Amino acid sequence: MNQRKIDLWVGILVVLGAAALLFLALKAGNLLQINWGPTYSVTARFDNIGGLKADAPVKSAGVVVGRVTSITFDNQTFQADVHMAIDQRFKFPVDTSAKILTAGLLGDQYIDFSPGGSEKNLVNGSVIRNTQSAVVLENLIGQFLYNKAASSGAGDSK
Amino acid sequence: MMVTDRLVAIGAGTRRLLSDLGYAARLFIRLLLLVGRVIMRPSLLMQQMYFLGNLSLVIIAVSGLFVGFVLGLQGYYTLSRYGSSSALGVLVALSLVRELGPVVTALLFAGRAGTSLTAEIGLMKAGEQIAAMEMMAVDPVVRVLAPRFWAGVIVMPLLAAVFSAVGIMGGYVVGVVMIGVDAGQFWSQMQSGVDVFKDVGNGVIKSVVFGLAVTFVALLQGWRSQPTPEGVSRATTRTVVIASLAVLALDFVLTAMMFST
(Lines give C-alpha, C1' and ligand atoms only; values in the text may rest on other atoms or scores of the structure.)
Protein backbone atom coordinates (compact mmCIF):
# COMPACT_ATOMS: atom_id res chain seq x y z
CA MET A 1 0.00 0.00 0.00
CA ASN A 2 1.40 3.39 -0.89
CA GLN A 3 2.03 6.16 1.59
CA ARG A 4 -0.87 8.32 0.43
CA LYS A 5 -3.39 5.59 1.11
CA ILE A 6 -1.91 4.89 4.54
CA ASP A 7 -2.05 8.60 5.38
CA LEU A 8 -5.69 8.64 4.32
CA TRP A 9 -6.62 5.72 6.57
CA VAL A 10 -4.69 7.13 9.54
CA GLY A 11 -6.46 10.44 8.96
CA ILE A 12 -9.79 8.64 9.08
CA LEU A 13 -8.78 6.93 12.33
CA VAL A 14 -7.76 10.21 13.95
CA VAL A 15 -10.97 11.94 12.86
CA LEU A 16 -13.00 8.99 14.13
CA GLY A 17 -11.23 9.08 17.51
CA ALA A 18 -11.70 12.84 17.77
CA ALA A 19 -15.38 12.46 16.88
CA ALA A 20 -15.77 9.79 19.57
CA LEU A 21 -14.14 12.09 22.16
CA LEU A 22 -16.40 14.94 21.06
CA PHE A 23 -19.41 12.65 21.40
CA LEU A 24 -18.32 11.69 24.92
CA ALA A 25 -17.78 15.34 25.88
CA LEU A 26 -20.95 16.78 24.34
CA LYS A 27 -23.54 14.02 24.35
CA ALA A 28 -22.43 11.93 27.33
CA GLY A 29 -20.66 14.63 29.34
CA ASN A 30 -21.68 18.02 30.62
CA LEU A 31 -19.43 20.25 28.49
CA LEU A 32 -22.41 22.26 27.27
CA GLN A 33 -23.77 22.68 30.77
CA ILE A 34 -20.58 23.92 32.37
CA ASN A 35 -20.91 27.58 33.14
CA TRP A 36 -17.75 29.48 32.27
CA GLY A 37 -19.23 32.88 33.10
CA PRO A 38 -18.41 35.01 36.13
CA THR A 39 -19.91 34.06 39.47
CA TYR A 40 -20.32 35.59 42.91
CA SER A 41 -19.93 33.76 46.18
CA VAL A 42 -22.70 33.40 48.76
CA THR A 43 -22.62 31.54 52.05
CA ALA A 44 -25.58 29.91 53.76
CA ARG A 45 -25.61 28.56 57.32
CA PHE A 46 -27.48 25.32 57.86
CA ASP A 47 -28.16 23.41 61.09
CA ASN A 48 -27.95 20.14 59.20
CA ILE A 49 -26.93 19.60 55.61
CA GLY A 50 -27.87 15.92 55.46
CA GLY A 51 -26.07 14.37 52.48
CA LEU A 52 -25.29 17.58 50.58
CA LYS A 53 -21.95 17.43 48.77
CA ALA A 54 -19.67 19.93 47.07
CA ASP A 55 -20.60 20.44 43.39
CA ALA A 56 -24.30 19.97 44.15
CA PRO A 57 -26.52 22.29 42.10
CA VAL A 58 -28.18 25.42 43.48
CA LYS A 59 -31.60 25.82 41.94
CA SER A 60 -34.26 28.44 41.97
CA ALA A 61 -37.68 27.55 40.57
CA GLY A 62 -36.03 24.35 39.40
CA VAL A 63 -33.45 26.09 37.21
CA VAL A 64 -29.77 25.64 38.03
CA VAL A 65 -28.36 29.05 39.01
CA GLY A 66 -25.10 27.99 40.68
CA ARG A 67 -23.10 25.28 42.39
CA VAL A 68 -21.94 24.43 45.89
CA THR A 69 -18.20 25.12 46.00
CA SER A 70 -17.34 23.91 49.51
CA ILE A 71 -18.88 22.96 52.83
CA THR A 72 -17.18 23.76 56.12
CA PHE A 73 -18.09 23.39 59.78
CA ASP A 74 -18.19 26.51 61.91
CA ASN A 75 -17.01 25.66 65.39
CA GLN A 76 -18.45 28.89 66.87
CA THR A 77 -22.06 28.46 65.82
CA PHE A 78 -21.92 24.67 65.39
CA GLN A 79 -23.49 25.09 61.99
CA ALA A 80 -22.44 24.06 58.51
CA ASP A 81 -21.29 26.88 56.24
CA VAL A 82 -22.20 26.07 52.66
CA HIS A 83 -20.31 28.22 50.16
CA MET A 84 -21.92 28.61 46.76
CA ALA A 85 -20.90 30.18 43.47
CA ILE A 86 -23.93 31.84 41.88
CA ASP A 87 -24.00 32.85 38.24
CA GLN A 88 -23.49 36.60 37.90
CA ARG A 89 -26.51 36.86 35.59
CA PHE A 90 -28.90 35.93 38.40
CA LYS A 91 -29.63 38.38 41.23
CA PHE A 92 -31.47 37.41 44.39
CA PRO A 93 -32.88 39.66 47.17
CA VAL A 94 -31.00 39.65 50.49
CA ASP A 95 -33.92 37.97 52.29
CA THR A 96 -33.79 34.96 49.96
CA SER A 97 -34.21 31.72 51.88
CA ALA A 98 -32.24 28.58 51.12
CA LYS A 99 -33.41 25.06 51.79
CA ILE A 100 -31.91 21.66 51.12
CA LEU A 101 -34.17 19.43 49.05
CA THR A 102 -33.82 15.99 47.54
CA ALA A 103 -34.31 15.21 43.85
CA GLY A 104 -36.77 12.33 43.95
CA LEU A 105 -37.01 9.92 46.84
CA LEU A 106 -33.45 8.62 46.63
CA GLY A 107 -31.85 11.31 44.48
CA ASP A 108 -29.03 13.71 45.21
CA GLN A 109 -29.58 16.69 47.44
CA TYR A 110 -29.53 20.23 46.14
CA ILE A 111 -30.10 23.75 47.45
CA ASP A 112 -33.27 25.59 46.56
CA PHE A 113 -33.46 29.39 46.64
CA SER A 114 -36.80 31.00 47.38
CA PRO A 115 -36.46 34.72 46.63
CA GLY A 116 -37.73 37.18 49.21
CA GLY A 117 -39.14 40.64 48.67
CA SER A 118 -36.27 42.93 49.58
CA GLU A 119 -35.08 45.70 47.29
CA LYS A 120 -31.42 44.98 48.00
CA ASN A 121 -29.71 42.09 46.25
CA LEU A 122 -27.21 39.53 47.47
CA VAL A 123 -23.64 40.51 46.65
CA ASN A 124 -20.31 38.70 46.69
CA GLY A 125 -19.68 37.44 50.22
CA SER A 126 -23.28 37.75 51.46
CA VAL A 127 -24.56 35.34 54.08
CA ILE A 128 -28.02 33.77 53.88
CA ARG A 129 -29.36 33.24 57.39
CA ASN A 130 -32.88 32.22 56.47
CA THR A 131 -32.30 28.52 55.90
CA GLN A 132 -34.11 25.25 56.20
CA SER A 133 -32.09 22.13 56.91
CA ALA A 134 -32.20 18.88 55.07
CA VAL A 135 -34.88 16.43 56.04
CA VAL A 136 -33.24 13.56 57.87
CA LEU A 137 -35.27 10.40 57.40
CA GLU A 138 -34.31 8.95 60.78
CA ASN A 139 -35.61 12.05 62.59
CA LEU A 140 -38.88 11.86 60.67
CA ILE A 141 -39.34 8.19 61.54
CA GLY A 142 -38.41 8.88 65.14
CA GLN A 143 -40.95 11.69 65.35
CA PHE A 144 -43.60 9.54 63.70
CA LEU A 145 -43.03 6.68 66.15
CA TYR A 146 -43.03 9.09 69.08
CA ASN A 147 -46.35 10.62 67.96
CA LYS A 148 -47.81 7.18 67.37
CA ALA A 149 -46.76 6.01 70.83
CA ALA A 150 -48.08 9.20 72.41
CA SER A 151 -51.47 8.93 70.67
CA SER A 152 -51.89 5.24 71.42
CA GLY A 153 -50.85 5.88 75.04
CA ALA A 154 -53.53 8.59 75.23
CA GLY A 155 -56.04 6.12 73.78
CA ASP A 156 -55.23 3.55 76.47
CA SER A 157 -55.72 5.99 79.32
CA LYS A 158 -59.26 6.81 78.20
CA MET B 1 29.89 -24.31 50.98
CA MET B 2 26.16 -24.77 50.55
CA VAL B 3 25.45 -21.49 52.32
CA THR B 4 27.86 -19.48 50.19
CA ASP B 5 26.37 -21.03 47.01
CA ARG B 6 22.93 -19.91 48.05
CA LEU B 7 24.17 -16.42 48.82
CA VAL B 8 25.91 -16.24 45.45
CA ALA B 9 22.68 -17.26 43.72
CA ILE B 10 20.69 -14.60 45.58
CA GLY B 11 23.28 -11.97 44.78
CA ALA B 12 23.42 -12.89 41.10
CA GLY B 13 19.62 -12.87 40.87
CA THR B 14 19.40 -9.42 42.46
CA ARG B 15 22.08 -8.06 40.18
CA ARG B 16 20.34 -9.45 37.10
CA LEU B 17 16.99 -8.03 38.22
CA LEU B 18 18.50 -4.61 38.84
CA SER B 19 20.34 -4.52 35.54
CA ASP B 20 17.20 -5.62 33.66
CA LEU B 21 15.18 -2.90 35.41
CA GLY B 22 17.86 -0.33 34.70
CA TYR B 23 18.02 -1.35 31.03
CA ALA B 24 14.23 -1.14 30.72
CA ALA B 25 14.12 2.27 32.41
CA ARG B 26 16.88 3.66 30.17
CA LEU B 27 15.18 2.35 27.03
CA PHE B 28 11.85 3.81 28.19
CA ILE B 29 13.34 7.26 28.78
CA ARG B 30 15.23 7.08 25.47
CA LEU B 31 11.98 6.24 23.62
CA LEU B 32 10.19 9.12 25.34
CA LEU B 33 12.93 11.54 24.33
CA LEU B 34 12.88 10.34 20.73
CA VAL B 35 9.51 12.00 20.08
CA GLY B 36 11.22 14.72 18.02
CA ARG B 37 12.97 12.22 15.74
CA VAL B 38 9.68 10.36 15.23
CA ILE B 39 7.82 13.50 14.19
CA MET B 40 10.65 14.35 11.78
CA ARG B 41 9.84 11.18 9.81
CA PRO B 42 6.03 10.97 9.85
CA SER B 43 5.85 8.30 7.15
CA LEU B 44 7.22 5.63 9.53
CA LEU B 45 4.83 6.79 12.27
CA MET B 46 1.86 6.73 9.86
CA GLN B 47 2.62 3.17 8.77
CA GLN B 48 2.70 2.02 12.37
CA MET B 49 -0.42 3.99 13.30
CA TYR B 50 -2.20 2.33 10.41
CA PHE B 51 -1.01 -1.09 11.48
CA LEU B 52 -1.67 -0.65 15.21
CA GLY B 53 -4.71 1.62 15.00
CA ASN B 54 -6.79 1.07 11.90
CA LEU B 55 -6.39 -2.67 11.90
CA SER B 56 -7.40 -2.83 15.61
CA LEU B 57 -10.45 -0.66 15.03
CA VAL B 58 -12.84 -3.45 14.11
CA ILE B 59 -12.17 -5.64 17.15
CA ILE B 60 -12.29 -2.57 19.44
CA ALA B 61 -15.57 -1.30 17.99
CA VAL B 62 -17.25 -4.71 18.04
CA SER B 63 -16.11 -5.39 21.62
CA GLY B 64 -17.30 -1.95 22.67
CA LEU B 65 -20.70 -2.57 21.14
CA PHE B 66 -21.14 -5.87 22.96
CA VAL B 67 -19.84 -4.52 26.27
CA GLY B 68 -22.41 -1.72 25.86
CA PHE B 69 -25.17 -4.27 25.16
CA VAL B 70 -24.28 -6.26 28.28
CA LEU B 71 -24.02 -3.14 30.43
CA GLY B 72 -27.45 -2.06 29.21
CA LEU B 73 -29.06 -5.42 29.97
CA GLN B 74 -27.33 -6.04 33.27
CA GLY B 75 -27.60 -2.44 34.43
CA TYR B 76 -31.30 -2.37 33.68
CA TYR B 77 -31.83 -5.64 35.56
CA THR B 78 -30.14 -4.27 38.70
CA LEU B 79 -31.49 -0.71 38.52
CA SER B 80 -35.10 -1.74 37.85
CA ARG B 81 -35.10 -3.55 41.20
CA TYR B 82 -34.69 -0.18 42.86
CA GLY B 83 -37.08 1.57 40.51
CA SER B 84 -34.35 3.79 39.11
CA SER B 85 -33.95 2.45 35.60
CA SER B 86 -33.80 6.05 34.38
CA ALA B 87 -30.24 6.10 35.77
CA LEU B 88 -29.21 3.52 33.17
CA GLY B 89 -27.50 6.16 31.03
CA VAL B 90 -25.24 7.30 33.89
CA LEU B 91 -24.37 3.73 34.79
CA VAL B 92 -23.43 2.79 31.22
CA ALA B 93 -21.54 6.02 30.49
CA LEU B 94 -19.62 6.19 33.77
CA SER B 95 -18.55 2.54 33.72
CA LEU B 96 -17.39 2.85 30.12
CA VAL B 97 -15.68 6.22 30.27
CA ARG B 98 -13.95 5.70 33.60
CA GLU B 99 -13.00 2.03 33.64
CA LEU B 100 -14.10 -0.34 30.92
CA GLY B 101 -13.19 1.85 27.94
CA PRO B 102 -9.50 2.36 28.80
CA VAL B 103 -8.96 -1.06 30.43
CA VAL B 104 -10.67 -3.36 27.93
CA THR B 105 -9.18 -1.41 25.02
CA ALA B 106 -5.71 -1.82 26.54
CA LEU B 107 -6.23 -5.55 27.09
CA LEU B 108 -7.48 -6.05 23.54
CA PHE B 109 -4.67 -3.88 22.22
CA ALA B 110 -2.12 -6.02 24.07
CA GLY B 111 -3.58 -9.13 22.45
CA ARG B 112 -4.16 -7.70 18.98
CA ALA B 113 -1.23 -5.32 18.46
CA GLY B 114 1.24 -5.94 21.31
CA THR B 115 1.85 -9.55 20.35
CA SER B 116 2.51 -8.69 16.72
CA LEU B 117 4.99 -5.98 17.78
CA THR B 118 6.87 -8.47 19.94
CA ALA B 119 6.87 -11.17 17.27
CA GLU B 120 7.92 -8.73 14.56
CA ILE B 121 10.89 -7.38 16.49
CA GLY B 122 11.85 -10.82 17.77
CA LEU B 123 11.89 -12.17 14.22
CA MET B 124 13.83 -9.14 12.98
CA LYS B 125 16.39 -10.04 15.60
CA ALA B 126 16.34 -13.73 14.60
CA GLY B 127 16.77 -12.77 10.95
CA GLU B 128 19.69 -10.53 11.95
CA GLN B 129 17.97 -7.51 10.44
CA ILE B 130 18.68 -5.54 13.59
CA ALA B 131 22.36 -6.46 13.38
CA ALA B 132 22.36 -5.48 9.69
CA MET B 133 20.92 -2.07 10.55
CA GLU B 134 23.61 -1.53 13.14
CA MET B 135 26.22 -2.46 10.52
CA MET B 136 24.80 0.28 8.28
CA ALA B 137 25.06 2.74 11.18
CA VAL B 138 21.26 2.97 11.39
CA ASP B 139 20.18 3.01 15.03
CA PRO B 140 17.42 0.37 15.30
CA VAL B 141 16.03 2.07 18.42
CA VAL B 142 15.36 5.20 16.38
CA ARG B 143 14.33 3.45 13.16
CA VAL B 144 12.34 0.48 14.51
CA LEU B 145 11.32 0.96 18.14
CA ALA B 146 10.54 4.67 18.42
CA PRO B 147 7.89 4.92 15.64
CA ARG B 148 6.12 1.82 16.96
CA PHE B 149 6.20 3.14 20.51
CA TRP B 150 4.75 6.54 19.67
CA ALA B 151 2.21 5.08 17.27
CA GLY B 152 0.92 2.87 20.12
CA VAL B 153 0.79 5.80 22.55
CA ILE B 154 -1.11 8.03 20.10
CA VAL B 155 -3.51 5.35 18.93
CA MET B 156 -4.58 4.04 22.34
CA PRO B 157 -6.67 7.05 23.52
CA LEU B 158 -8.34 7.22 20.10
CA LEU B 159 -9.29 3.55 20.29
CA ALA B 160 -10.48 3.90 23.89
CA ALA B 161 -12.67 6.86 22.93
CA VAL B 162 -14.17 4.85 20.05
CA PHE B 163 -14.76 1.93 22.43
CA SER B 164 -16.59 4.13 24.96
CA ALA B 165 -18.63 5.95 22.34
CA VAL B 166 -19.70 2.74 20.60
CA GLY B 167 -20.41 1.16 24.00
CA ILE B 168 -22.71 4.03 24.99
CA MET B 169 -24.57 3.59 21.72
CA GLY B 170 -24.81 -0.15 22.47
CA GLY B 171 -26.26 0.68 25.88
CA TYR B 172 -28.69 3.05 24.18
CA VAL B 173 -29.81 0.37 21.72
CA VAL B 174 -30.50 -2.18 24.46
CA GLY B 175 -31.79 0.23 27.12
CA VAL B 176 -33.89 2.62 25.06
CA VAL B 177 -34.72 0.87 21.81
CA MET B 178 -35.20 -2.69 23.09
CA ILE B 179 -36.21 -2.38 26.76
CA GLY B 180 -37.89 0.99 26.51
CA VAL B 181 -36.16 3.24 29.03
CA ASP B 182 -37.10 6.85 28.29
CA ALA B 183 -34.61 8.31 25.80
CA GLY B 184 -34.74 11.81 27.30
CA GLN B 185 -34.00 10.54 30.78
CA PHE B 186 -31.27 8.26 29.47
CA TRP B 187 -29.33 11.16 27.93
CA SER B 188 -30.13 13.91 30.43
CA GLN B 189 -29.20 11.79 33.46
CA MET B 190 -26.01 10.82 31.66
CA GLN B 191 -25.16 14.44 30.96
CA SER B 192 -25.76 15.50 34.54
CA GLY B 193 -23.81 12.55 35.92
CA VAL B 194 -20.72 12.53 33.70
CA ASP B 195 -18.19 15.31 34.19
CA VAL B 196 -16.11 16.23 31.16
CA PHE B 197 -12.86 16.76 33.04
CA LYS B 198 -13.23 14.43 36.02
CA ASP B 199 -14.62 11.45 34.11
CA VAL B 200 -13.93 11.80 30.38
CA GLY B 201 -10.61 13.59 30.90
CA ASN B 202 -9.31 11.11 33.46
CA GLY B 203 -10.37 8.26 31.18
CA VAL B 204 -8.22 9.75 28.41
CA ILE B 205 -5.26 10.13 30.81
CA LYS B 206 -5.71 6.50 31.80
CA SER B 207 -5.67 5.29 28.22
CA VAL B 208 -2.50 7.30 27.45
CA VAL B 209 -0.78 5.66 30.45
CA PHE B 210 -1.97 2.23 29.29
CA GLY B 211 -0.72 3.01 25.79
CA LEU B 212 2.74 3.79 27.17
CA ALA B 213 2.74 0.63 29.31
CA VAL B 214 1.41 -1.89 26.77
CA THR B 215 3.47 -0.67 23.82
CA PHE B 216 6.63 -0.46 25.89
CA VAL B 217 6.18 -3.95 27.35
CA ALA B 218 5.59 -5.37 23.86
CA LEU B 219 8.66 -3.65 22.40
CA LEU B 220 10.90 -4.54 25.34
CA GLN B 221 9.91 -8.20 25.20
CA GLY B 222 10.63 -8.34 21.46
CA TRP B 223 13.87 -6.42 21.86
CA ARG B 224 15.19 -8.68 24.62
CA SER B 225 13.86 -11.96 23.28
CA GLN B 226 16.10 -14.92 22.45
CA PRO B 227 16.50 -14.84 18.64
CA THR B 228 15.11 -18.36 18.21
CA PRO B 229 11.60 -19.60 17.33
CA GLU B 230 11.15 -20.75 20.91
CA GLY B 231 12.47 -17.47 22.32
CA VAL B 232 10.12 -15.38 20.16
CA SER B 233 7.11 -17.48 21.11
CA ARG B 234 7.99 -17.18 24.80
CA ALA B 235 8.44 -13.42 24.44
CA THR B 236 5.04 -13.10 22.76
CA THR B 237 3.38 -14.96 25.61
CA ARG B 238 5.18 -12.81 28.16
CA THR B 239 3.96 -9.67 26.37
CA VAL B 240 0.32 -10.62 26.85
CA VAL B 241 0.77 -11.70 30.46
CA ILE B 242 2.93 -8.78 31.61
CA ALA B 243 1.03 -6.12 29.65
CA SER B 244 -2.37 -7.33 30.92
CA LEU B 245 -1.21 -7.48 34.53
CA ALA B 246 0.46 -4.07 34.20
CA VAL B 247 -2.76 -2.58 32.82
CA LEU B 248 -4.87 -3.99 35.65
CA ALA B 249 -2.39 -2.93 38.35
CA LEU B 250 -1.96 0.56 36.85
CA ASP B 251 -5.73 0.87 36.57
CA PHE B 252 -6.12 0.25 40.28
CA VAL B 253 -3.43 2.80 41.16
CA LEU B 254 -4.85 5.42 38.76
CA THR B 255 -8.43 4.87 39.93
CA ALA B 256 -7.33 5.23 43.54
CA MET B 257 -5.53 8.48 42.71
CA MET B 258 -8.22 9.98 40.46
CA PHE B 259 -11.53 8.98 41.97
CA SER B 260 -10.77 8.32 45.63
CA THR B 261 -12.37 11.49 46.99
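This is a predicted model: local features need pLDDT of at least 70, side-chain atom pairs count only at pLDDT 80 or more; totals for chains, interfaces and linings use all residues.
What pattern does chain B follow when read along the sequence? I began my notes there, and the answer is α-α-α-α-α-α-α-α-α.

**Entry 1: chain B overall**

I counted the elements next: chain B has nine helices and zero strands. I then looked up its extent, and the C-alpha trace spans about 70 × 55 × 30 Å along its principal axes. Of the 261 residues in chain B, 43% are buried. I also checked how far apart in sequence the contacting residues lie. Taking contacts in chain B between residues at least 6 apart in sequence, I find that 87% join residues at least 24 apart.

**Entry 2: helix α6(B)**

I went to α6(B), residues 140-179, and compared its length with expectation. Its 40 residues should span 58 Å at 1.5 Å a residue, and the end C-alpha atoms are 55 Å apart, so the two agree. Still, I noted a bend of about 35° at A146(B), with the proline P147(B) following within four residues. Just past the helix, G180(B) has a positive phi of about 100°.

**Entry 3: where the chains meet**

I turned to the contacts between the chains: 22 residues of chain A touch 26 residues of chain B. On the chain A side, I sorted these residues into 15 nonpolar, five polar and two charged.

**Entry 4: the nonpolar cores**

Which residues touch the most other members of the largest nonpolar core? I get M49(B) and V214(B), in a core of 76 residues. Looking at which elements give two or more residues to this core, I found α1 (3-28) of chain A, and from chain B α3, α4, α6, α7, α8 and α9. The most comes from α6(B), with 20 residues. M49(B) contacts V10(A) and L13(A) from chain A, and A151(B), I154(B) and V155(B) from chain B. Apart from this core lies another, of 22 residues, and I picked out V42(A), I49(A), V58(A) and V82(A) among them. A reminder to myself: in soluble globular proteins, nonpolar side chains tend to be buried together.

**Entry 5: strands of chain A**

I started with β2(A), residues 57-60, which pairs with β3(A), residues 63-74, in the antiparallel sense over four bridges.

How does β2(A) run relative to β6(A), parallel or antiparallel? I read them as parallel, joined by two bridges, with β6(A) covering residues 109-114. Here K59(A) stands opposite D112(A).

Moving on, I found β3(A) and β4(A), residues 79-87, paired in the antiparallel sense over eight bridges. F73(A) stands opposite A80(A) across this pair. Their hairpin has four residues between the strands, and I noted that F78(A) takes a positive phi near 55°.

Notes: Residues are numbered from 1 along each chain as its sequence is written. Chains are lettered from A and ligands numbered from 1 in the order in which they are written. Two residues are in contact if their C-beta atoms, placed from the backbone, lie within 7 Å. Ala, Val, Leu, Ile, Met, Phe, Trp, Tyr, Cys and Pro count as nonpolar, Asp, Glu, Lys and Arg as charged, and the others, Gly among them, as polar. Two strands pair if DSSP finds at least two bridges between them. A nonpolar core is a set of buried Ala, Val, Leu, Ile, Met, Phe, Trp, Tyr and Cys residues joined through C-beta atoms within 7 Å. A residue is buried if 20 or more other C-beta atoms lie within 10 Å of its own, exposed if 12 or fewer, and partly exposed in between; C-beta atoms are placed from the backbone. The expected span of a helix is 1.5 Å times one less than its number of residues. The bend at a residue is the angle between axes fitted to the seven residues ending there and the seven starting there. Lists of a residue's contacts leave out its neighbours within four places in sequence.
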